[in-house]
Amino acid sequence: MYNRQGDISPMNKPIILITPSFTDQPGPSYLIRKNYPAAIAEAGGVPLLMPYASKAEMLEYIKIADGVIFSGGGDMLSSIYGEEEICPPVNYNEERDRFDLEFFKLVYRTDIPVLAICRGEQVANVALGGT
């Protein structure tokens, strides 16, 4: 099995970052669906939760990543991409919106493979200029 650096040692399994949801209830917590890390491990990779971080920290995580999953979750807030809210926002997280957008833009400038799932597709669309 090869990782991004071209190593084939079994100790050098591909590291796949997963962007999480975030909640304040009952206390500050990251959330990911159980199936994401399970599928990565089953495929021979090492799942790693990508915490909300500064740009400098994001760049450090990118250095070790062999892939990134932009996970599902609530819709992005329309105002993030300059649109008016038509319906009252439900289940959104502005902190996650801003983090995911900045992180996607940084990852996009590399050769790291990306899998965008549901909300992750919204992030990719908005980060690349869509609405």
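Predicted model: local features only at pLDDT ≥ 70, side-chain atom pairs only at ≥ 80, totals over all residues.
Local features were considered at pLDDT of at least 70 and side-chain atom pairs at pLDDT 80 or more, whereas totals for chains, interfaces and linings use all residues. Residues are numbered from 1 along each chain as its sequence is written, and side-chain values use heavy atoms, without hydrogens and water.

Four strands form an open sheet with parallel pairing in the order β4-β1-β5-β6. Strands (E, at least two residues) and helices (H or I, at least four) are DSSP runs numbered from the N terminus, and two strands pair if DSSP finds at least two bridges between them. From one strand to the next, the twist averages 20°. Strand β1 (residues 15-19) runs parallel to β4 and is joined to β4 by four bridges; Ile15 stands opposite Val46 in β4.

Five salt bridges were found in the whole structure, a salt bridge being a side-chain nitrogen of Lys or Arg within 4 Å of a carboxyl oxygen of Asp or Glu. In helix α2 (residues 55-64), Glu60 and Lys63 are three residues apart, about one helical turn, and their side chains meet in a salt bridge (3.0 Å, N to O). Glu60 is partly exposed at 46% relative accessibility, and Lys63 is exposed at 53% (buried, under 20% relative accessible area; exposed, over 50%; partly exposed, in between; 1.4 Å probe, protein chains only).

Helix α3 (residues 94-108) holds Glu94 and Arg98, four residues apart, which form a salt bridge (2.7 Å, N to O). Glu94 is partly exposed, at 34% relative accessibility. Arg96 and Asp100 are likewise four residues apart in helix α3; their side chains meet at 3.1 Å, N to O, and both residues are buried. A network of salt bridges links Arg96, Asp97, Asp100 and Arg119.

Arg96 is also among the residues closest to the centre of the largest pocket, together with Ser21, Gly72, Gly73 and Gly74. This pocket contains about 260 Å³ of space and is lined by 16 residues. The lining comprises five nonpolar, seven polar and four charged residues. A pocket is an open set of points on a 1 Å grid over the protein atoms alone, where a 1.4 Å probe fits, with protein on both sides within 12 Å along at least five of seven lines; lining residues have an atom within 4 Å of a point.

Conventions:
Points joined across faces, edges and corners; volume = space filled by probe spheres on them. Nonpolar A, V, L, I, M, F, W, Y, C, P; charged D, E, K, R; others polar. Axes fitted to C-alpha atoms, helices over the stretch in contact; angles between N-to-C directions.
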